[in-house]
2 protein chains.
Amino acid sequence: MSSRREPTSRRDRPAKPALSRQWIVAAALGIMREEGLEKVTMRRLAQELDTGPASLYVYVANTAALHAAVLDALLGDVDLSGDDEGGDGDWREQLRAVLRSYTLVLFAYPQLARSALVARPSGENYLRLVERVLVLLSRGGAGREQAAWGVDTLLQSATATAAEQATRERDPAATDEWNATVQALGAASEAVHPAISAYMPALVAGSPEERFRWGFDVLVNGILATPAPDASA
Amino acid sequence: MSSRREPTSRRDRPAKPALSRQWIVAAALGIMREEGLEKVTMRRLAQELDTGPASLYVYVANTAALHAAVLDALLGDVDLSGDDEGGDGDWREQLRAVLRSYTLVLFAYPQLARSALVARPSGENYLRLVERVLVLLSRGGAGREQAAWGVDTLLQSATATAAEQATRERDPAATDEWNATVQALGAASEAVHPAISAYMPALVAGSPEERFRWGFDVLVNGILATPAPDASA
DNA sequence: ACCTGAACACCGTTCAAGT
DNA sequence: ACCTGAACACCGTTCAAGT
């Protein structure tokens, strides 16, 4: 019972694999899937990897970078459908599918969507996504600036939708915030806030699906209809 | 030197005013203005108010609620210009002005904008803002659902713009993230990501002002041009 | 170069006890 | 009802020292 190492037996922990950025991110993903993003901390992660927190700083600059790396890893699940074969006519449907897939991936991890809103990722999977959206937008007739700025707007909007709707359904505590907003809107007196009062059912109505679809169309229609500043002036 | 209370002299601290939600939020605002949102913690705030953290929980549910209250207080600075007198023709300019004012207020406190992205406020000033945007949108010809969902989209987009652009300019550490993204985009090889490579200058170009204006027009154009789901089907 | 122990300087939240 | 002290259970990050 006092043996220090058993080279053959007892391999419950596979002999502590060497640290590496890849391995660290994989462990972080595991913790997130099982315990949520809020448990993906330097300390908890170090514990999981059987080392001290200080060791992680060789591979990861800080906690924000760690979360960004986890997000990028997850972005590998986004379906970029039909990655290259043409079919020019249905660019809009393809773009919608890509963004829906992106939204669904984020839906699975609301907290990650929240953090993506605030810290854009920069990994390989993110680049692939941006590339794909750019191609589809330009296929749809968007100009240079329209496509470039459009990517940003579309991804941001999809991220925000995921963060909000997903939170609203799952997160135990954050539901309170949404309830507070709904309640505040509902309680708005007709005298002080007539418009809110008049629009009230609609203000909080709509399934995630409906909101997503409408939001997508609003943006695509708007992007194609709105020229970039220097284009004409 | 051992006196317990001096009723007349030494009023550096004005005799510890009674706790109240209002007073707590005011103190929180002060800390934010002087030290940044990240210092607006229950413990720091309690210290400022000369009490223990536990005492604050009588008035504020948790830290998120505290931040939301601070945001709402700040929203009082948003210029709702011309609050009621007609001038129907220029609804678009008025709406633009309101959203610009909103963005500017958030610009002053990037971190707060970040947190607003994630936790919608629900206070009186927020309601006033929603009310105003609703009125202007419907004056512009938006239908019921268009106006209702449009408010959400417009405010979200403005918030995100503020959070991003503001952070990019001021925040010492968060600039790294943006740099990482820019660098990743710039380093995208032409072979693997031809579109990114081709669109590259445009992807990160544009002043905050230009981006804001374009984003606003995209949304307003899109909102007015896109009917709500059940409207026709 | 990589890894570590230990420390520094913090957090949010709860609870039993007081007034 | 409000306020408090004290505790519980955590954090991120740095640094000198080791290998």
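In H5(B), the buried residues are B:Trp91, B:Gln94, B:Leu95, B:Arg96, B:Val98, B:Leu99, B:Ser101, B:Tyr102, B:Thr103, B:Val105, B:Leu106 and B:Phe107. The model is predicted. Two further topics follow: the packing of H1(B) on H4(B), and the contact between chain B and chain A.

**Helix H5 of chain B**

- H5(B) covers residues 91-107.
- Of its 17 residues, 12 are buried, so the rest of the structure largely encloses H5(B).

**Helices H1 and H4 of chain B**

- H1 (residues 21-35) packs with H4 (residues 63-74) at an angle of about 80 degrees, and their axes lie 9 Å apart.
- H1(B) is therefore roughly perpendicular to H4(B).
- H1(B) contributes B:Arg21, B:Ile24, B:Val25, B:Ala28, B:Leu29, B:Met32 and B:Arg33 to the contact.
- These meet B:Leu66, B:Ala69, B:Val70, B:Ala73 and B:Leu74 in H4(B).
- By class, the contact of H1(B) with H4(B) has 10 nonpolar and 2 charged residues, with no polar ones.
- An α-helix has 3.6 residues a turn, so residues three or four places apart point the same way.

**Chain B against chain A**

- In this contact, 62 residues of chain B meet 62 residues of chain A.
- The two chains bury about 5,100 Å² between them.
- Carbon and sulfur atoms account for 65% of that area.
- On the chain B side, B:Trp149, B:Tyr199 and B:Trp214 lose the most area to chain A.
- Together, B:Trp149, B:Tyr199 and B:Trp214 make up 17% of what that side buries.

Key. Residues are numbered from 1 along each chain as its sequence is written. Chains are lettered from A and ligands numbered from 1 in the order in which they are written. This is a predicted model: local features need pLDDT of at least 70, side-chain atom pairs count only at pLDDT 80 or more; totals for chains, interfaces and linings use all residues. Side-chain values use heavy atoms; hydrogens and water are left out. Axes are lines fitted to C-alpha atoms, for helices over the stretch in contact, and angles run from 0 to 180 degrees between N-to-C directions. Helices (H or I, at least four residues) and strands (E, at least two) are DSSP runs, numbered from the N terminus. Angles under 35 degrees count as roughly parallel, over 145 as roughly antiparallel, 65 to 115 as roughly perpendicular and the rest as oblique. Contact means heavy atoms within 4.5 Å. Ala, Val, Leu, Ile, Met, Phe, Trp, Tyr, Cys and Pro count as nonpolar, Asp, Glu, Lys and Arg as charged, and the others, Gly among them, as polar. The expected span of a helix is 1.5 Å times one less than its number of residues. Buried means under 20% relative accessible area, exposed over 50%, partly exposed in between (1.4 Å probe, protein chains only). Buried area is the accessible area (1.4 Å probe) that two parts lose on being put together, summed over both.
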